[in-house]
Amino acid sequence: MATELFRNDRHRVIVFNDLVRGDDGVQANQMLILHGDQSMLLDPGGALLYTPLSMAVARYLPLKQLTYIFASHQDPDVIGSADRWLTYTPAKIVCSKLWGRFVPHSVPHYMETGRDRYVLLPDEGAELVLGDTAVQCLPAHFLHSVGNFNVYDPIARALFSGDVGSSMVTDEPYAPVHDFRGHLPKMEGFHRRYMASNRACRTWVHMVRQLDIDMIVPQHGLPMQGPQVIGAFLDWMDELRCGVDLMTAPGKFTASSVIRPLSAT
Ligand SMILES: [Fe+2]
Ligand SMILES: [Fe+2]
């Protein structure tokens, strides 16, 4: 089912949250921004998602009119279906310059998609024009990918934060979270392991505090809406020790498990 997060006469934001079933992979959201006759699909996911997502998107616009595919980073749950979107739509893929030579690895040579199908973002980010407005592609490097971007939509006042702010949910209805403490257990373990370091978190928080945000919309789990939960989340991220902060020297290696090939029966 699609959820409309924002709508006015020129601008809509739609989230598809239930196209990846938990038993196929981690739950993931795909976001569609429509502005006039221009459009942007964010983090469209891997091969398993192409058919259901393309059918869902086609209810809002003909695929032949899709303007941009945005990839926050290089993971398969983000942009594993690049070949199909390049084949069946005229959209350009917007991603970090670091991934410009890696994303094409999922695109067969016979497709002959040239460099003109990619918009490669510099490390400092860029503004991306969408009709008579623009969204901002904001740096979020090392959270968790080395070349990682968020998208800020100034009309919806929404920050599409990729893996940052993600929560692990199962069957909860897709609705904004307002209580941070109740939500924290669903995000804590993921952030401690997947976010690179406190320095990366702080750099991001410092930038995000300067935006006028009503909603943070992550790639996994539920959005957070309103000043209370967003303020509490930013405070938590500012202090979070994670990734390499938590590494300890293992000393001499001792295997805690042994893996063997399956024996023939
Ligand atoms: Fe990721
Ligand atoms: Fe992800």
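Hi everyone, let's start with a sheet. Six strands form an open sheet in the order S8-S9-S10-S11-S12-S13, and the pairing is mixed. Its edge strands are S8 (126–130) and S13 (224–225), each of which pairs on one side only. Two terms before we go on. Helices (H or I, at least four residues) and strands (E, at least two) are DSSP runs, numbered from the N terminus. Two strands pair if DSSP finds at least two bridges between them.

A word about what we are looking at. This is a predicted model, where local features need pLDDT of at least 70 and side-chain atom pairs count only at pLDDT 80 or more, while totals for chains, interfaces and linings use all residues. Residues are numbered from 1 along each chain as its sequence is written, and chains are lettered from A and ligands numbered from 1 in the order in which they are written.

Strand S10 (residues 149–153) and strand S11 (residues 158–162) run antiparallel and are joined by three bridges. If you want one pair to find on screen, Val151 has Phe160 in S11 as its bridge partner.

Let's zoom in on S6. Which strands does S6 run parallel to? One is strand S5 (residues 68–70), joined to S6 by three bridges, and another is strand S7 (residues 118–121), joined to S6 by four bridges. Strand S6 (residues 92–96) is mostly covered, with four of its five residues buried. Buried means that 20 or more other C-beta atoms lie within 10 Å of a residue's own; exposed means 12 or fewer, partly exposed is in between, and C-beta atoms are placed from the backbone.

Next, a helix. Helix H7 (residues 227–239) has 13 residues and reaches 18 Å from its first C-alpha to its last, close to the 18 Å expected at 1.5 Å a residue. That expected span is 1.5 Å times one less than the number of residues. Which residues of H7 are buried? They are Val229, Ile230, Phe233 and Met237. These residues cover an arc of only 95° around the axis, which puts them on the same side of H7. The arc is that of the directions from the helix axis to the C-beta atoms. On the other side of H7, the exposed residues are Pro227, Gln228, Gly231, Asp235 and Glu239. The buried residues of H7 pack against helix H4 (180–183), helix H6 (198–208), strand S12 (215–218) and S13. Contact here means that the C-beta atoms of two residues, placed from the backbone, lie within 7 Å.

Most residues other than glycine have a negative phi, and most peptide bonds are trans. Asp43 has a positive phi, near 50°. Asp43 sits in the loop between strand S4 (38–42) and helix H1 (47–57). Is Asp43 buried or exposed? Asp43 counts as buried because it has 25 C-beta neighbours inside 10 Å. Phe142 also lies in a loop, between S9 and S10, and its phi is positive too, near 70°. Phe142 is partly exposed, with 19 other C-beta atoms within 10 Å. His144 is found in the loop between strand S9 (133–139) and S10, and the peptide bond from Leu143 to His144 is cis, with omega near 5°.

Finally, let's step back to the whole protein. Its secondary structure comes to seven helices and 13 strands. Buried residues make up 42% of the 265 residues. Among contacts between residues at least 6 apart in sequence, 67% join residues at least 24 apart.
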